[in-house]
Amino acid sequence: MRGLLVVVAGPSGAGKGTIVRRVLERDPRLHFSVSMTTRPPRAGEVDGRDYHFVDRAEFLRVRDAGGFLEWFEVYGDLKGTPRAAVERELASGHDVLLEVDVQGAMAIKRQFPDALLIFVKPPSREEQRRRFLERHRGDPDFDPAAFERRLAAADEEEHLAEQFDAVVVNDDLDRAVREVAAIITGRRSQRSS
Ligand code: ADP
């Protein structure tokens, strides 16, 4: 059987990255799809594990060859989901987990109607702001105006949550991780029955 494609999306600061890391640790059947980005690595990030770090010319080359399932520009940096690796894993029966923004999830749903879309929602806008600032504290390229625009966009994005298969509120992290894991398990058993 073809692998299951799981897409975790939500506004920045919702806690997607944190949840995804924990879900991957507890579910060895999930293969993480590593995104490509033109932004420089942050401390502790490893090329090929966290992202494929490339320059702009390389990114545009892949994009123009149709090599991304979705891509977008944020803070002047480009980010995209390479198509080939995802298709290869699914074809060989492996389940793939992708972490993208809300628009990216909608783009992937159009190409993979059977994908399982999970929307991670912050408990409140204030808490989202607090977590986002916590994560980006000290980023040399942090742009407060762009940050405010992204928070405003989050309101818009939440309307799209209704097009997802499930919505998980990330208040208590352990609970949110268990919920995401259970949603994935539930879909697997549906598919195999
Ligand atoms: P995203 O990937 O959605 O932008 P992150 O996973 O980077 O969000 O989380 C943003 C910040 O919030 C990080 O500093 C992370 O440690 C923190 N965080 C994530 N989930 C929770 C939670 N349930 N409770 C408290 N802090 C959290």
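**View A. Packing of helices α5 and α6 in the predicted model.** The axes of α5 and helix α6 (residues 144-159) cross at roughly 135° and come within 11 Å. Axes are lines fitted to C-alpha atoms, for helices over the stretch in contact, and angles run from 0 to 180 degrees between N-to-C directions. That angle makes α5 oblique to α6; angles under 35 degrees count as roughly parallel, over 145 as roughly antiparallel, 65 to 115 as roughly perpendicular and the rest as oblique. The crossing in which α5 passes α6 is right-handed (near helix turned clockwise from the far one by less than a right angle; anticlockwise is left-handed). Helices are DSSP runs (H or I, at least four residues), numbered from the N terminus. This is a predicted model, in which local features need pLDDT of at least 70 and side-chain atom pairs count only at pLDDT 80 or more, whereas totals for chains, interfaces and linings use all residues. Residues are numbered from 1 along each chain as its sequence is written, and side-chain values use heavy atoms, with hydrogens and water left out.

**View B. Packing of helices α1 and α7.** Helix α7 (residues 173-192) packs against α1 at an angle of about 60°, and their axes lie 9 Å apart. The two helices, α1 and α7, are therefore oblique to each other. Their crossing is right-handed.

**View C. The shell around the ligand.** Among the 15 residues around the ligand, those that come nearest are Gly 13, Lys 16, Thr 18, Arg 135 and Asn 170 (near: a heavy atom within 4 Å). Both α1 (16-26) and α5 (125-136) supply at least two residues of this shell. By class, the shell has 6 charged residues (Asp, Glu, Lys and Arg), 3 nonpolar (Ala, Val, Leu, Ile, Met, Phe, Trp, Tyr, Cys and Pro) and 6 polar (the others, Gly among them).

**View D. Atom pairs at the ligand.** A polar side-chain atom of Arg 135 lies 2.7 Å from an oxygen atom of the ligand, and a backbone N or O atom of Gly 13 lies 2.8 Å from a ligand oxygen atom.

Note on methods. A polar contact is a pair of N or O atoms within 3.5 Å; within protein, one must be able to donate a hydrogen and the other to accept it, and residues adjacent in sequence count only if both atoms are side-chain atoms.
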